[in-house]
Amino acid sequence: MRILFVADVSPVEVIGGAERVLREHVIRLATRGHNVTVLSRCSGEAPGMAQVDGVKVYLLRTGAFVLWDSLNRFKSIAKDERPELINFHQPFAALGVLLSPRSWRVPKVYTFHSPSFLEYEIRGKAKGSGWFRLLMGSLVRRIAEYICLKVSDRIIVLSEFSKRLIHKYYRIPESKMALVPGGVDTRKFFPPSDKKSIRRSLRIPEGRVFLFTVRNLVPRMGLEDLILAIKELKEVRREVFLVIGGEGMLEVKLRELVRKLGVEEFVRFEGYIPDEDLPMYFQGADYFVLPTRSLEGFGLVTVEALACGTPVLGTPVGAIPEVLSKLDRSLLAEGSGPEQIAELLIAHTSPEGLERARKLRPRCRELAVQQYDWERIVDRLEVLFRQLRAGVRGPRS
């Protein structure tokens, strides 16, 4: 099958969950013999052309030029590659493609990661953007995404939570949606053979309960709440140690909060963690912590931690309960505030809590392998694409 992916993120440089999902779909479908091409906006790359594991990636300019570039590039791709199916990831590059009559007769799928306009509003408020700019930017994004959702033949969602968001904000019926969750490479993420050695290599202080989180350091991730929870936790258990991986706009603010609360001994910022090093952190941790405040459409890090046999402690936000409730609902906090996160951490870092976590580890791995291995996920994606190309609507999830 000849498949064209059109995205507002690039599979060339993976900096978040949307890029990772796109990259895994693209590479694994190409490995199965499909003719895959990508048309995507740039991140750090210059406009032009790149390759990811032999897959051609046409890079577009960002900003006001993206629609024009997308339209013109698509005309050339449509002539040369003759795509049999188009998969959109986010709305802006997709709009340029939709302007071309060449796209109108091709089956189209929209992969929904989160509401584009809500992501923009959260980032804008954190940056202190003016209300008019926020209003207009949000409106443009909402209209753009609505158009893409409306004209697509099917909509892929990563969770039941995402289904509800689409219906709430866009009034799209659930019958148009197909559930294809995020996944994990279970050959890359697996339980450790020597946990103590890994912890030494990561410079984790001896005798500490190792808590790990890795996130883009942006407002909706709830990292301020996690740091506040650590202040409460250390009053009860001084043997805890939190490592925060990732980069983002809140880094300076978060570091200052750690200093202000006097928890420097209990928190370490790791910065950007390369993909090849990430499994070690999951393997060495006693728990992975997910303190999200809002818009957790899936959370790939959740299943990456589980694949390493590491229990995940999370807030009851977005799609987090959909995964963790399959293991043990006690892994979920009562709420997303610092007090509720602290209560969760206090309970699970007790000797009894750590013993329960040890017994839970095999089930964590089993869940990841049985339900979230990328090969199983791409099986479902491939079936959906074949049905659409054949003009069959197929099952909804």
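Modeller: There are 12 aromatic pairs in the structure. Take F117 and Y170 as one of them.

Colleague: Why is the pair of F117 and Y170 called edge-to-face?

Modeller: Rings of Phe, Tyr and Trp (its six-membered ring) pair if their centres lie within 6.5 Å, with planes under 30 degrees apart counting as stacked, over 60 as edge-to-face and the rest as tilted. The centres of F117 and Y170 are 6.3 Å apart and the planes are at 85°, so this pair is edge-to-face. F117 is in helix α4 (residues 116–127) and Y170 in helix α6 (residues 160–170), so the pair ties together parts 53 residues apart in sequence. Helices here are DSSP runs (H or I, at least four residues), numbered from the N terminus.

Colleague: What is this model, and what are the ground rules?

Modeller: The model is predicted: local features need pLDDT of at least 70, and side-chain atom pairs count only at pLDDT 80 or more, while totals for chains, interfaces and linings use all residues. Residues are numbered from 1 along each chain as its sequence is written, and side-chain values use heavy atoms, leaving out hydrogens and water.

Colleague: What makes V151 partly exposed?

Modeller: Buried means under 20% relative accessible area, exposed over 50%, and partly exposed in between (1.4 Å probe, protein chains only). V151 has 39% relative accessibility, so V151 counts as partly exposed. V151 belongs to helix α5 (residues 131–151). By contrast, F117 and Y170 are buried, and W131 and F132 are exposed.

Note on methods. Helices (H or I, at least four residues) and strands (E, at least two) are DSSP runs, numbered from the N terminus.
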